[in-house]
Amino acid sequence: MKAARARRARIVDQIATGTTSAESLAERLGVSLSTVRRDLDILARDGVLLRTYGGAVPVGARMPEQSLAERATDRLPQKRAIARLAAAIVQDGESVILDAGTTTGALAVELRHRAGLRVITSGLTTLTALADAPGIEVLSVGGMLRPISLSFVGPHAEQVLRRVTAARAFLGADGVVAGRGLCEATATQAALKELMTRQADALYVLATADKLGRAAFQEWTPLDRPWTLITDADATEAQLLPFQKLGIVTIIKAD
């Protein structure tokens, strides 16, 4: 325990001097990448650092938005596990809304061979995954393309989304905070996600454990209706407790 505290103190010192990636921290400290990630999650949970994709930054620092390519390999096993669980919820013949992002993109891959689905999406990752999927109707909301996230946003996307409904919506986020909602990098992303929450009968948020309680940016999508959190086995009791206190159903994939 004393060694772990000392290691985390060294991590904080390293990040303060500009070493912000988990891989670089692991190399400098001579420990495994999984150990550093676990330490970063604990430090972020305690409010010492802000978690980023692939690392962390000091509290108060401006959070850089990572590109879709940079996020694609981060926590990939956890994202695939979440996607498998989400796919098991979808029923053949349903219409579903898939938000843009890497975890929802993993869900799209899981749905490729399902029967009679209609998938409505704002993400190029999902469009690519389902472009040649037999028996799946794909509707792109279109609109303004954000190159960094390969997602469509803006009034044109919102106009299309207002004209459709779905049985389920699966949303990703840069962070999810109990009682506040989904944290996003831009107002246009937050607005489109809020509309998605209104257009589906059931709402699910797909978030790896590092995003729980994380407020990386200043734009928010409020979640003012019942919803379900699907996360991975790395989520701690302390991270899950705020959601459970609000009666939010939480599903955890163990593998």
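**Reading rings and strands in a predicted model**

Mentor: Welcome! A search of the whole structure finds two aromatic pairs. Keep in mind that this is a predicted model.

Trainee: How do I describe a pair of aromatic rings?

Mentor: In general, you give the distance of the centres and the angle of the planes. Here, F170 and Y204 lie 4.9 Å apart, centre to centre, with 15 degrees between the planes, and this pair is stacked.

Trainee: Where in the chain do F170 and Y204 lie?

Mentor: F170 is in strand β8 (residues 166–171), while Y204 is in strand β11 (residues 200–206). They are 34 residues apart, so the pair links distant parts of the chain. Both F170 and Y204 are buried.

Trainee: Which arrangement do the rings of W227 and F243 have?

Mentor: Their planes stand at 90 degrees, so this pair is edge-to-face, with the centres 6.2 Å apart. W227 belongs to the loop between β12 and β13 (228–232), and F243 to helix α10 (residues 237–245). The pair therefore ties together parts that are 16 residues apart in sequence.

Trainee: Now for strands. In what order do β9, β10 and β12 sit in their sheet?

Mentor: To read a sheet, follow which strand pairs with which. The order is β9-β10-β12, in an open sheet of three strands with antiparallel pairing. β9 (175–177) and β12 (219–221) are the edge strands, each pairing on one side only. From one strand to the next, the twist averages 35 degrees.

Trainee: Which helix packs on this sheet?

Mentor: That is helix α9 (residues 187–198), which touches β10 and β12. The direction of α9 makes about 5 degrees with that of β12.

Trainee: How many bridges join β9 to β10?

Mentor: Three bridges join β9 to strand β10 (residues 181–184), and the two run antiparallel. β9 and β10 form a hairpin with three residues between them. In the turn, G179 has a positive phi of about 85 degrees.

Trainee: Which residue lies over the face of W220?

Mentor: R180 does, at 4.9 Å from the ring centre.

Trainee: Let me try one residue by myself. Where is S151, and what does its side chain contact?

Mentor: S151 lies in strand β7 (residues 151–153). The side chain of S151 makes a polar contact with the side chain of S149, at 2.6 Å. With a relative accessible area of 4%, S151 is buried. Beyond its neighbours within four places in sequence, S151 is in contact with several residues, including A100, S122 and M144.

Notes:
Residues numbered from 1 in each chain as written. Predicted model: local features only at pLDDT ≥ 70, side-chain atom pairs only at ≥ 80, totals over all residues. Heavy atoms only, no water. Pairing = 2+ DSSP bridges. Helix = DSSP H or I, 4+ residues; strand = E, 2+ residues; numbered from the N terminus. Axes fitted to C-alpha atoms, helices over the stretch in contact; angles between N-to-C directions. Contact = heavy atoms within 4.5 Å. Buried < 20%, exposed > 50% of the residue type's maximum accessible area, 1.4 Å probe, protein only. Polar contact = N/O pair within 3.5 Å; in protein donor to acceptor, adjacent residues only side chain to side chain. Phe/Tyr/Trp six-rings, centres within 6.5 Å; stacked < 30°, edge-to-face > 60°. Lys NZ or Arg CZ within 6 Å of the ring centre and 35° of its normal.
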